[in-house]
Amino acid sequence: MTDTQRSTSQTPDYPENIDAAVLKIAGVVILGVIMSILDITVVNVALPTFQQEFGSAADPLAYSHVAWTVTAYTLALATVIPLTGWAADRFGTKRLFIAAIALFTAGSVLCAAAQDINTLIAFRVLQGLGGGMIMPLGMTILTRAAGPHRMGRLMAILGIPMLLGPILGPIVGGWLIEHASWHWIFLINLPIGVATIVYAWFALPGDRPEPSESFDFLGMLLLSPGLALFLFGVSSIPEKGTVADTRVWIPMLVGAALMLAFVRHSFRPEHPLLDLRLFRHRNLTISVIVMFLFVAAFFGSLLLVPTYFQQVRGESTLDAGLLVAPQGIGAMLTMPIAGRLVDRIPVGRIVPFGFLGILVGLFPLTQITSETAYWKIIAALFVMGLGMGATMMPVFTSALKTLSHQEVARGTTLININQQIASSVGVAVMSVLLTAWLPTQRIWYAVVGSWENPEIIPRLGGQAAVDAVLADAGEAFAQTFWVAWVLLLLALIPVAFLPRRRPAETPVGPEGAETPADSAAVSEEPSAGLRPSE
């Protein structure tokens with residue numbers, strides 16, 4: 001027996017079921033993660049409001065401009081995720097988790113005090129720097145508490161915030177905007193943040209900081225500005241109307257060069273910012289590709305739905321939130337089931353059904369018009385939610401199960417940052433395309449959500465002109481949904497390569513021994529997915 005095997009056999013004897021001790025810790029983590037995820041979907045429903053509040057009838061803000069309140073937040077999340085593992089070793093997970101909640105809460109209060117759209121975007125970056133540490137820290141804390149053998153059910157627990165975000169975010173955001181003001185979509189985080197800090201102080205187990213590996217500052221300086229500059233250039237296309245404008249192509253070129261330099265650099269240090277060497281694991285590589293395409297398409301399209309209800313159908317922010325809720329309800333039904341199945345069934349036999357549900361649900365949105373019946377849209381969103389619940393966590397779990405014990409922390413960082421970058425790219429691309437395809441009568445932006453205003457018809461040149469603008473707007477949304485649908489269709493190619501047999505891993509029995517049934521499975525892919533006992 002090797003030293004690694006001995007250490008593994010001495011690991012705590014975790015109970016088979018998720019026990020009360022884990023649930024207490026999970027309550028803290030889930031509360032924190034809900035805050036960070038809820039803030040994305042809350043802001044989604046507020047984008048038309050930002051166009052009104054920070055623009056004017058004469059000079060309305062472009063949709064791609066206000067969408068930076070989402071893109072900047074997710075970019076900040078992606079920026080800070082690689083720093084989290086190093087900082088957790090240096091300062092301890094409990095201290096860092098509490099600090100992340102405090103930073104997120106402070107950023108929320110500053111967002112509420114923003115006087116213009118650019119200041120709001122800047123404060124969203126600060127908020128994202130705190131929010132970005134919450135998810136990976138929460139995963140680390142829960143993994144240590146629950147143990148490796150309950151990974152699927154653990155992912156299902158972590159999926160709760162991802163279910164509540166799409167359901168509660170638009171509803172809470174819509175209600176607050178309609179009955180109070182947009183400031184309260186950020187101020188609501190203050191009491192929640194304070195309560196989470198107090199709960200975490202008493203509920204989370206203390207841990208002793210240990211000397212950590214060196215941090216790749218050069219990689220950080222290459223990747224984060226590179227990605228931000230590239231997306232800034234992309235998001236400037238609708239405003240400038242051409243790729244040839246210097247504000248578009250210079251940031252894109254510099255950003256692309258920095259990211260290429262990062263890829264070249266990442267193979268040199270012993271502990272790179274992102275360990276791209278992990279892509280030697282086949283299942284991890286496939287899972288990352290699947291997740292990138294899925295997240296970019298799904299979350300990019302998720303941004304469009306509440307905006308369609310408000311800008312095309314004239315719904316209030318609250319009603320738009322309620323109409324989007326069926327998507328989260330659908331995910332709530334399938335995610336716990338998928339979490340249990342992934343411990344028993346290879347993801348290659350689960351994820352294709354999830355993608356099928358998303359494709360079937362998203363297709364009616366590619367046919368959307370300014371007069372599409374609401375029941376059709378609601379049914380489509382519900383089916384999309386069913387597919388989403390059967391897709392995201394199984395792919396995430398598959399990627400983690402591929403890795404050895406020593407590689408899990410680096411793999412988690414790689415997967416998390418891939419997810420955040422994909423979300424940023426999806427939001428930026430979808431907002432750019434939508435802005436480019438929306439009708440040129442930008443005056444309609446300034447009267448979003450106020451179709452009962454008697455001035456709107458004469459402003460746009462009569463009822464016939466209003467109908468024409470709305471028809472063109474509906475077509476713009478349909479075209480953008482087509483892009484998301486094609487991305488998901490392309491994702492079926494890597495989905496076909498997900499493992500369809502029992503995972504190539506060797507579970508450790510009560511005495512630290514391999515189980516015979518799974519020893520044979522390892523022979524299929526001997527270099528990947530090994531447990532520490534191997």
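Me: At roughly what angle do the axes of helix H5 and H9 cross?
Reply: This is a predicted model, where local features need pLDDT of at least 70, side-chain atom pairs count only at pLDDT 80 or more, and totals for chains, interfaces and linings use all residues. Residues are numbered from 1 along each chain as its sequence is written, and side-chain values use heavy atoms, leaving out hydrogens and water. Helices here are DSSP runs (H or I, at least four residues), numbered from the N terminus. Axes are lines fitted to C-alpha atoms over the stretch in contact, with angles from 0 to 180 degrees between N-to-C directions; for H5 (residues 93-112) and H9 they come within 9 Å and cross at roughly 170°.

Me: How are H5 and H9 oriented to each other, roughly parallel or roughly antiparallel?
Reply: Angles under 35 degrees count as roughly parallel and those over 145 as roughly antiparallel. The axes cross at roughly 170°, so H5 and H9 are roughly antiparallel.

Me: Is Val194 buried, partly exposed or exposed?
Reply: Val194 sits in helix H9. Buried means under 20% relative accessible area, exposed over 50%, and partly exposed in between (1.4 Å probe, protein chains only). Val194 has 44% relative accessibility, so the label is partly exposed.

Me: And what about Ser424, buried or exposed?
Reply: You'll find Ser424 in helix H18 (residues 408-437). Its relative accessibility is 0%, so Ser424 counts as buried.

Me: How far apart in space are Ser424 and Trp68?
Reply: Along the sequence, Ser424 and Trp68 are 356 residues apart. From C-alpha to C-alpha, though, the distance in space is 9.3 Å.

Notes
Helix = DSSP H or I, 4+ residues; strand = E, 2+ residues; numbered from the N terminus. Parallel < 35°, antiparallel > 145°, perpendicular 65-115°, else oblique.
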